[in-house]
Structures are given as structure tokens and as C-alpha cells.
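Here is a short report on one protein chain. The sequence and the model come first, and the reading follows.

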Amino acid sequence: TGVQTCALPICQIVYPTVMVNRECELCPTGQFQDVTNRAQCNSCPEGKFQVSRGSSNCISTTSCAAGRHVAHAPTASSNRVCSDCAVGKYSNAIDESECTVCAAGKYADTVGGRGCLGARSCPPGARELNAPTNASDRECTACLAGTFSSVANSASCTSCTVGSTFLPTAGGKICLGTTVCAPGTYEDTEATAISDRTCSSCPIGHYQDEEKKKSCKECRSEER
């Protein structure tokens, strides 16, 4: 009988003699052999792996793309395992060991983020409803009628000063000055935070020589 050949990918564990035939063994996981009748198998080089026994080559490891991170590092017998970055985090390079938390004022509201977005700004006329987090944008809401905000990202809206200012619509940046009832008129309707005062002329037989009055004075008989 001829001497057995240890075919790929098998290494010989017993050398043949006139009395004993060659014995062969499968290469274990993490190793390979691409030449016949070798005494041992070769370990997979860095960046490659092999999960199967009896292999003649190793496989290149997977790269974790931007937006992902390495959950488990590769070994000679296992591939690299990748996971998506969670909301609030990002990675912008391959094979990152971990994802980076978005800085203050920035956010990432989806998994697998490759970067963070800048939080929106609440304009004058609105207030901040919910502050931004690393996973969510800032939320804004318009100031109600009778209130205003004059700066960006205001935490609250300021009420108009009843009697001197008012604002009939929402989203105001500043309150309006109320009407002043001039001499010869009187206050017909009081001002509120959302409405102006109204003035009317004094009726016949009455007068008003001052401003900002709620009524007119009655003329004396000799003044009529």
C-alpha cells in the first residue's frame, strides 16, 4: 500500500516509516494549512479568522463602519462583532471601540449616528418647552397672547403689564402700548393683557380736561 498523503488542509501528526503509514489531522479553528504533508498548521494572521476546522485559508475580518462600534474584538477563530451606536451617540470612523456621546447643544435621535446635529434655537416670541438632550432636539412653543419673549431660548414668556401694555396675538416679541384717553374723552373699556382700552368722547353737557380718566365731568349750569 502507498504512503498516505495529507491533503489540504491537513497536517501530518505521525511521519510514515516502513512500518507505519502517515497519519493526518484536521487543522483546528483559527488555523489553516495550504500545503500538503506539513507537520503543523499555521495560525490565522492578524485581521483574519477561521471558524471551521480543516481549512486551507483564513477569512478577512469584518470592519465596523462609521455609525457602529466594535462589540466584540476578533480572534483567530471568530469574526469582529459590530453594534450600532445608540441614540445620543455617534462614531465617524471605522472599527471604533466605542461610540462618542454628543456634546452639549447637539443630539443624535436615531441609532447608527455618524455625527450629531445642532439643537434648534427658540426664537424671540417663543419659549423653550423641553430642553435638548444628547438624544433629542430642543422643543419650542409660541408665547400666548398677552405674553412675550424678546430673547432666544427663553425659559418663559413675560406677561404684558395690564393697563399700560397689551398683546392680542400669540408669538409676540414685545407688548404694545395701550391707548391713552386724551382730554375730552373718557375710558369706555378697560385695557387687558390681550386688548387695548377704548375711549369715547364726552357726551353733551360733560367735559374732561385731563387725560386717562374713566368718566367725564358734568358742566355747571352757567358753563352750558
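## Overall make-up

This is a predicted model. The protein has 22 strands and 0 helices. It holds 224 residues, and buried residues make up 26% of them. Its accessible surface comes to about 13400 Å². Carbon and sulfur atoms account for 51% of that surface. Among contacts with a separation of 6 or more, 39% pair residues 24 or more positions apart.

## Disulfides

How many disulfides does a search of the whole structure find? The search gives 10. Three of them, including the link of C64 and C82, are set out here.

| Disulfide | S to S distance | Torsion about the S-S bond |
|---|---|---|
| C27 to C41 | 2.0 Å | -85° |
| C64 to C82 | 2.0 Å | about -90° |
| C202 to C216 | 1.9 Å | -85° |

Take C27 and C41 to begin with. Their link is left-handed, with -85° about the S-S bond. C27 lies in the loop between β2 (23-26) and β3 (31-32), and C41 in the loop between β3 and β4 (42-43), so the pair ties together parts that are 14 residues apart in sequence. Both cysteines, C27 and C41, are buried.

Next come C64 and C82. The S-S torsion of C64 and C82 is about -90°, so this disulfide is left-handed. The pair links distant parts of the chain: C64 sits in the loop between β6 and β7, while C82 belongs to strand β8 (residues 81-84). C64 and C82 are both buried. Their C-alpha atoms are 5.5 Å apart in space, against a sequence separation of 18 residues.

C202 and C216 are joined as well, S to S at 1.9 Å. With -85° about the S-S bond, the link of C202 and C216 is left-handed. This pair also links distant parts of the chain, 14 residues apart. C202 is in the loop between β20 (198-201) and β21 (206-207), and C216 is in the loop between β21 and β22 (217-218). C202 counts as buried because its relative accessibility is 16%. C216 is buried too, because its relative accessibility is 16%. C219 is in no disulfide. Its nearest cysteine sulfur belongs to C202 and is 8.6 Å away. C219 is itself buried, with a relative accessible area of 16%.

Why does C64 count as buried? Its relative accessibility is 0%, and buried means under 20%. Leaving out residues up to four places away in sequence, C64 touches H69, V70, R80, V81, C82, A93, I94 and D95.

H69 is in strand β7. Is H69 buried or exposed? H69 is buried, with a relative accessible area of 19%. Beyond its neighbours within four places in sequence, H69 is in contact with C64, V81, C82, S83, D84, E96, S97, E98 and C99.

## Two serines in loops

S136 and S154 each sit in a loop. S136 is found between β13 (126-130) and β14 (139-142). At 28% relative accessibility, S136 is partly exposed. Its side chain makes a polar contact of 2.8 Å with the side chain of T133. S136 also has G88 at 7.7 Å, C-alpha to C-alpha, though 48 residues separate them in sequence.

S154 lies between β15 (147-148) and β16 (158-159). S154 counts as buried, because its relative accessibility is 13%. What does the side chain of S154 reach? The side chain of S154 reaches the backbone oxygen of S156, at 2.5 Å. With neighbours within four places in sequence left aside, S154 is in contact with A126, R127, E128 and S149.

Definitions and conventions
Residues are numbered from 1 along each chain as its sequence is written. This is a predicted model: local features need pLDDT of at least 70, side-chain atom pairs count only at pLDDT 80 or more; totals for chains, interfaces and linings use all residues. Side-chain values use heavy atoms; hydrogens and water are left out. Buried means under 20% relative accessible area, exposed over 50%, partly exposed in between (1.4 Å probe, protein chains only). Contact means heavy atoms within 4.5 Å. Helices (H or I, at least four residues) and strands (E, at least two) are DSSP runs, numbered from the N terminus. A polar contact is a pair of N or O atoms within 3.5 Å; within protein, one must be able to donate a hydrogen and the other to accept it, and residues adjacent in sequence count only if both atoms are side-chain atoms. Accessible areas come from the Shrake-Rupley method with a 1.4 Å probe; for residues, only the protein chains shown count as cover. A disulfide is a pair of cysteine sulfur atoms within 2.5 Å.
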